[in-house]
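Thanks for coming, everyone. Let me put the structure up, and then we will walk through its charged residues.

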Amino acid sequence: MKTSSALLSLLFVAAAPLANAADGKLVIEAGKIVTLTGEVIENGKIVIEDGRITAIGVDVDAPWDAEHIDASGLVAYPGFVEAITSGGMDRPNENIDVAPFLDVRDSIDPVNVTFENFLRSGVTTINVQQGAACVIGARGHVVKPKGRTVEEMTVKPRAGIVLSATPKRGKSRATQAQALRGTFDELERYLNEMVTAARAGDDYAKREAMYQGREPDEESAKGRDFECSAWSVDGMKLIPRWEIDEKQAPLVSLVEGKIPAYIYCGAAMDVRVAIEVAESNGFLHKTVLVVSGDCDRAVEWIAERGVPVILTGSLTRSEIDEETDEEEEIFIPKVYADADVRFALQSSNSTTQSLAYQAARCVAHGMSREDAFRAISITPAEIIGVAKRVGSLSVGMDGNVVLYSGDPFSVEGVVQHVIIEGEAVYDRATDSRVRHLEQGEAPDNTQPMDPEADPEDEAGDGEDGDEG
Amino acid sequence: MISTLSLLTLSLFAPLSSGDRLVVFAENVYTAPGNLVEDGTVTIEDGKIISVKGGTSPSGADMVAHTVTAGLVDMSFRYSTNQNTVEQSDEITANARISEMLDLHARGWERALKQGITTVAAFPYDRNVVGGMGAVLKTGGEETLEARLVKDAAFLRGAMGSLPSSGNRPSGARPGNFYARRPTTRMGVEWAWRKAFYDAWQEEHGGEAARPGRAELLAALAGKTPVFVQAWTTQDIRTTVFLAEEMAAEGMGSMRIVIDAGAEAWREIGLLTRSGAAVCLPPFSSDGRTTDGAFMSWDVAAKLNEAGVPLALSAHAGFGSGNTLAEQAAYARRGGLSFDAALAAVTSVPATLLGVSDRVGTLSKGLDADLVLWNGKPFELTTRPVGVVLNGASSTEQK
């Protein structure tokens with residue numbers, strides 16, 4: 001690094017408030033830039049204006065008034081993407097079986113330590129979704145670990161809905177499957193009833209909507225044809241969309257293929273139910289399977305339908321050959337890779353809690369570094385529908401840059417700085433929690449115990465009357 | 001230089017050139033920590049290493065790999081995580097032997113072997129204060145004690161802290177069930193340790209009739225067999241060291257202490273250096289939190305090594321643990337431990353602490369032919385064991 005580290009940290013202190021300004025301009029001069037989509041750029045610049053990358057390369061003009069980050073000793077990567085998590089939520093699950101009228105944005109806690117952990121491991125985009133203990137969950141929210149309110153953190157609101165093919169606690173697989181199917185049967189019945197009522201001149205739905213305080217906008221005041229590819233409701237044009245009940249409206253978006261569906265599958269047998277429900281309700285093309293356990297046994301099924309997967313749980317699985325009684329260890333990502341199923345990794349699936357380490361393990365099992373990087377950047381960005389903004393470094397993308405010293409896949413690789421939308425939001429030099437983790441030092445704002453202090457001094461001899 | 005992977009895949013499944021001879025080639029052969037032999041060939045006969053030569057070529061080798069190290073040693077192999085392997089009729093069962101309670105057909109052995117662990121120390125589950133005598137075993141081969149035992153009664157094993165008393169409660173007015181017993185606190189656990197040693201000492205010197213376990217306790221007091229004490233937290237580490245120092249001050253002997261699962265050893269570097277105790281670390285955790293409320297910093301291994309404290313790493317590999325020992329070495333490196341020290345901490349140091357360095361832990365002439373074959377430089381997450389040789393036999397050929 002050209003400047004001294006003291007100067008650099010000064011720079012970061014200065015950069016943080018500046019970047020809040022609308023005219024924030026930042027130039028990162030990196031020793032190497034790994035864009036993940038193009039060539040690796042040696043000694044290049046990344047120019048970020050108004051939160052977006054405006055130029056990237058060796059010979060690029062930087063605005064004269066831009067802040068500079070000298071990262072000549074570091075390597076720039078696009079911020080990694082967490083494909084799905086329930087981290088950062090107050091509580092990840094809702095008691096109600098079918099709760100698409102809820103939104104996880106109301107549960108996201110911006111100061112939750114999870115977001116700091118994500119920054120520390122180079123993750124800049126996070127798909128927060130309800131946990132798997134549901135039939136149909138709340139609507140999800142894609143965020144960046146930056147900002148003090150959910151609004152500031154938002155990358156994409158109302159970002160999909162979670163469904164679970166794995167039984168919620170207390171349910172059998174049969175009841176879970178029936179509950180899933182039944183929800184869509186009920187939706188169909190509800191919509192048909194609305195049409196019947198509308199034809200009869202009944203304005204109950206409208207009065208109910210007004211009673212609930214909903215207000216139409218130009219678009220929702222109109223009725224339009226039903227766009228589900230699997231089943232139809234005649235006369236939907238008669239129904240102004242704003243009149244549809246809050247519980248059913250998100251499901252209408254789902255079956256019309258307007259939002260992604262994340263379907264949890266904890267075992268291979270759940271995959272069949274997930275695909276059947278998605279197929280028979282016309283949203284298979286918007287479906288992502290969130291798989292764990294032995295779901296890879298259903299890989300041919302998944303591959304045939306072209307559904308992408310997010311791998312949660314352990315990356316390995318043991319299987320016993322019934323003939324030889326030999327136990328074989330299966331490396332799960334390889335099974336999907338070999339079947340050409342698009343997959344994203346997820347950070348909480350081992351003791352490491354690090355996306356880059358998950359990817360490193362894929363390299364150990366023979367996957368190329370490019371493919372491993374893809375599984376924690378471009379693929380999850382595509383899966384959650386934000387690939388035009390994040391996951392790689394090119395002009396027009398969000399200015400989300402992670403500056404590493406060393407190789408992200410190596411235990412010696414370390415995230416030094418994180419820049420989100422052109423704002424320096426993480427500096428390892430000022431990260432007191434990382435010092436706690438690495439060296440045992442107590443984090444800032446906590447009271448360290450003085451090891452030399454004599455407990456007698458404070459405790460007295462235990463007899464009454466010492467206090468005086 | 002060569003396409004090692006393809007060669008390796010082929011050779012792993014190819015029959016060996018002759019019945020009891022095996023030739024292994026690797027670009028990098030670490031015969032011992034700090035000792036790298038480039039383009040090395042390890043020649044094995046009758047399960048023993050007969051030579052390691054550098055500057056060789058892979059032609060004629062039965063197995064080829066990027067890197068070869070000695071088989072890994074996990075000295076805190078959690079053979080069992082239930083109470084079936086600890087005799088609870090008494091808190092002190094020093095004469096109980098784990099070797100008499102082992103199920104060699106259990107899957108955990110082979111899982112350990114596949115991740116490169118060829119030698120382990122097994123011991124009774126930590127539900128007693130002093131659980132009994134641990135044993136050193138190979139993780140593969142024929143499922144008999146004769147075939148697998150490297151050293152029986154290799155160390156006395158027990159625990160400090162809250163775990164040995166967990167579940168116990170005072171009997172109170174009514175003699176309740178089995179758990180209405182002592183000890184019920186940390187201090188009770190230490191009291192049980194102290195009493196055991198004093199009783200054994202007094203029986204010996206007072207000419208009293210010996211109770212079972214006296215010989216084992218006296219051997220431990222005299223430093224003839226090492227004492228492995230599980231102590232996760234600072235206070236338990238201190239208690240353990242102070243107990244050993246108390247015994248020495250009383251003239252009862254000088255114990256050789258190994259702190260097992262010493263997660264908070266980083267707080268007690270000075271004490272550990274003074275005491276001469278060794279430390280075996282438990283698996284690293286991503287947030288530093290471990291068992292018994294102990295906080296394990298990422299640099300604990302580096303700190304201990306720098307201070308000269310004999311250091312072993314453990315995955316607590318075995319039954320129910322998803323950790324691998326190679327990963328633990330990688331995490332120790334993340335915290336600043338050098339490659340050579342990491343290699344030592346999973347091979348030669350535990351072999352020495354267990355008293356079996358004449359059999360395992362390094363690759364030298366006459367030692368057991370236990371090797372791990374790696375697809376890159378070990379102790380990175382991008383590298384893994386791709387083959388294991390145990391007693392001269394490729395583990396892929398064993399049942």
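**Charges on show**

Start with chain A, where A:Asp321, A:Glu322, A:Glu323 and A:Glu328 form a negative surface patch. A patch takes residues with over 30% relative accessible area and no salt bridge, like charges being joined within 9 Å and nonpolar side chains (Val, Leu, Ile, Met, Phe, Trp, Tyr) within 5 Å. Asp and Glu count as negative, Lys and Arg as positive; His and the chain ends are not counted.

A word on the model. It is predicted: local features need pLDDT of at least 70, side-chain atom pairs need 80 or more, and totals for chains, interfaces and linings use all residues. Residues are numbered from 1 along each chain as its sequence is written, chains are lettered from A and ligands numbered from 1 in the order written, and side-chain values use heavy atoms, leaving out hydrogens and water.

A:Glu322 sits in the loop between strand S14 (316-320) and strand S15 (327-331) of chain A. Helices (H or I, at least four residues) and strands (E, at least two) are DSSP runs, numbered from the N terminus. Is A:Glu322 buried or exposed? Exposed, because its relative accessibility is 79%. The cut-offs: buried is under 20% relative accessible area, exposed is over 50%, partly exposed is in between, with a 1.4 Å probe and protein chains only.

Now salt bridges. Each one is a side-chain nitrogen of Lys or Arg within 4 Å of a carboxyl oxygen of Asp or Glu. Over all chains, the structure holds 60.

One of them pairs A:Asp325 with B:Arg107, at 2.7 Å, N to O. A:Asp325 is in the loop between S14 and S15 of chain A and B:Arg107 is in helix H2 (residues 107-114) of chain B, so this pair joins two chains. A:Asp325 is partly exposed at 39%, and B:Arg107 is partly exposed at 24%.

Next, B:Lys138 and B:Asp368 meet at 2.6 Å, N to O. B:Lys138 is in strand S7 (residues 130-138), B:Asp368 in the loop between helix H11 (348-353) and strand S13 (371-374), and the two are 230 residues apart. Both are buried.

Last stop: B:Arg333, in helix H9 (residues 325-334) of chain B. B:Arg333 counts as buried, because its relative accessibility is 11%. Its side chain makes a polar contact with the side chain of B:Glu380 at 3.3 Å. That term means a pair of N or O atoms within 3.5 Å; within protein, one must be able to donate a hydrogen and the other to accept it, and residues adjacent in sequence count only if both atoms are side-chain atoms.

Key:
Accessible areas come from the Shrake-Rupley method with a 1.4 Å probe; for residues, only the protein chains shown count as cover. The place of a charge is taken as NZ of Lys, CZ of Arg, CG of Asp or CD of Glu.
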